[in-house]
Amino acid sequence: MTRLDCSVVNCAYNKEDSCCKDNIHVGGKNAKVTDETCCESFREKKDGMTNSNGTPGGEGTAVTFALDEGYQFGLGVFETINLTGGRLVMLDRHLDRLRRGARALDIDAPDDDTLRAHIAEHLDAAELPDGRSFAVKLMVSSANVIVTHRPNPYADWAQDRGLRLGWCRAWRNECSPLTAHKTLNQGDNILESRSARRLGFDSAVYLNTRGDICETTNANLFFVRDGRLYTPDERCGLLPGTVRAWLCERYEAEQGTFRQDSLDSWDEVFATNALMGVRPVVELGDAGYGIGPVTRAIQREYRRLELGIL
C-alpha cells in the first residue's frame with residue numbers, strides 16, 4: 001500500500017502521520033490548486049476502540065475486524081482492566097488469565113509484549129486524564145486483537161455503598177470448559193444481570209447444578225466468619241478473578257462448597273472484581289449483612305494496591 005502522508009492528527013484514519021484508510025475520496029471537483037481540495041473521507045477521532053490493524057474507532061466510526069469464531073460463536077477471550085491514576089492494575093495477572101483462556105480455546109494469542117504494545121498504543125491515542133478511572137478491555141480471538149475503554153462504572157460509588165444481590169434463574173454449569181475462562185460468550189451473565197436489575201437488585205448469584213453457591217454475574221464472592229475468609233471453590237463452577245486470586249494468596253482464604261442454608265451463619269459478605277475492587281454485600285436473597293471491619297480493612301488495603309503504594 002502506497003504511503004499517503006497526512007497532517008490531520010484528529011482524523012480517525014491518521015496513524016503516525018500517514019493515512020491508514022484503504023481508499024479515500026477527495027473533494028474539490030473544480031479545484032485548480034491543492035488548497036481548493038479536501039478529504040471527504042475525514043472522520044473525527046473519538047476515544048473508544050482500536051483493532052489489531054491499528055485502525056482507531058469509537059462512536060460513529062466503523063472498525064474493521066475479521067468475522068472469526070470469536071465474533072460468530074463467542075470463542076475468544078477478554079480481560080477488563082482497571083486503569084486508575086494512569087496505572088493498569090494487576091495487568092500481569094490479567095494477561096496470565098487471558099493466556100490460559102486462549103490456550104483452552106486453542107487460540108494462538110500474541111505474546112505479552114505485543115498485547116502490552118496494543119494497549120499502550122490505544123491509551124496513547126486516547127489521551128485519558130490521569131484523575132479518572134477507566135475500564136480498559138482487551139479482546140483476543142483467532143484473528144483479532146481489539147482494545148476499548150470506557151469510564152469505570154463504579155468510580156463514583158461511595159466505599160460504603162453495598163450490593164443487593166438476588167438469585168439467578170439459570171444454573172452455572174460446573175462441567176463446562178468455558179466456565180473457568182473469561183470468554184466472549186457472556187450471554188447468560190448479560191441476561192441474568194438485566195433480569196436482576198429489573199427486580200431492583202445490583203446483580204444476582206449463580207448456583208451450580210448441585211445447588212452450591214458459585215459467583216455473581218460479574219464478581220466473585222467472599223464470606224467472613226470470626227475474622228476468616230471463605231470463598232467458593234473453583235470446582236463449583238466460577239471464573240477465578242484477579243482480585244480473588246490476590247485475596248486468596250494474601251489472606252489464605254479457605255475454598256469450599258457453600259449452600260443457601262449457610263447464609264445466616266456469616267458475619268460479613270463481600271464481592272470482588274477488577275473494576276469494583278472490594279464491594280460489601282448488604283443483601284443476598286433473604287439474608288442481610290452489615291459492613292464489617294474485615295471488609296473495610298480489605299477495601300483500604302486494595303485501594304492502596306490500586307494507587308500503587310502497596
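Predicted model: local features only at pLDDT ≥ 70, side-chain atom pairs only at ≥ 80, totals over all residues.
Residues are numbered from 1 along each chain as its sequence is written, and side-chain values use heavy atoms, without hydrogens and water.

Strands (E, at least two residues) and helices (H or I, at least four) are DSSP runs numbered from the N terminus; two strands pair if DSSP finds at least two bridges between them. E18 runs parallel to strand E11 (residues 163-167), to which three bridges join it, and Val281 of E18 stands opposite Leu163. Four bridges link E18 in the antiparallel sense to strand E17 (residues 268-273), with Val278 as the bridge partner of Thr272. E17 and E18 form a hairpin with three residues between them. Strand E19 (residues 287-288) pairs with E18 over two bridges, also antiparallel; the hairpin of E18 and E19 has two residues between the strands, and Gly285 in the turn has a positive phi of about 65 degrees.

Helix H3 (residues 112-126) has buried residues Leu115, His118, Ile119, His122, Leu123 and Ala126. Seen down the helix axis, these fall within an arc of 125 degrees (taken from the directions from the axis to the C-beta atoms), so they line one face of H3. Asp113 and Asp124, on the other side, are exposed (over 50% relative accessible area).

Note on methods: Buried < 20%, exposed > 50% of the residue type's maximum accessible area, 1.4 Å probe, protein only.
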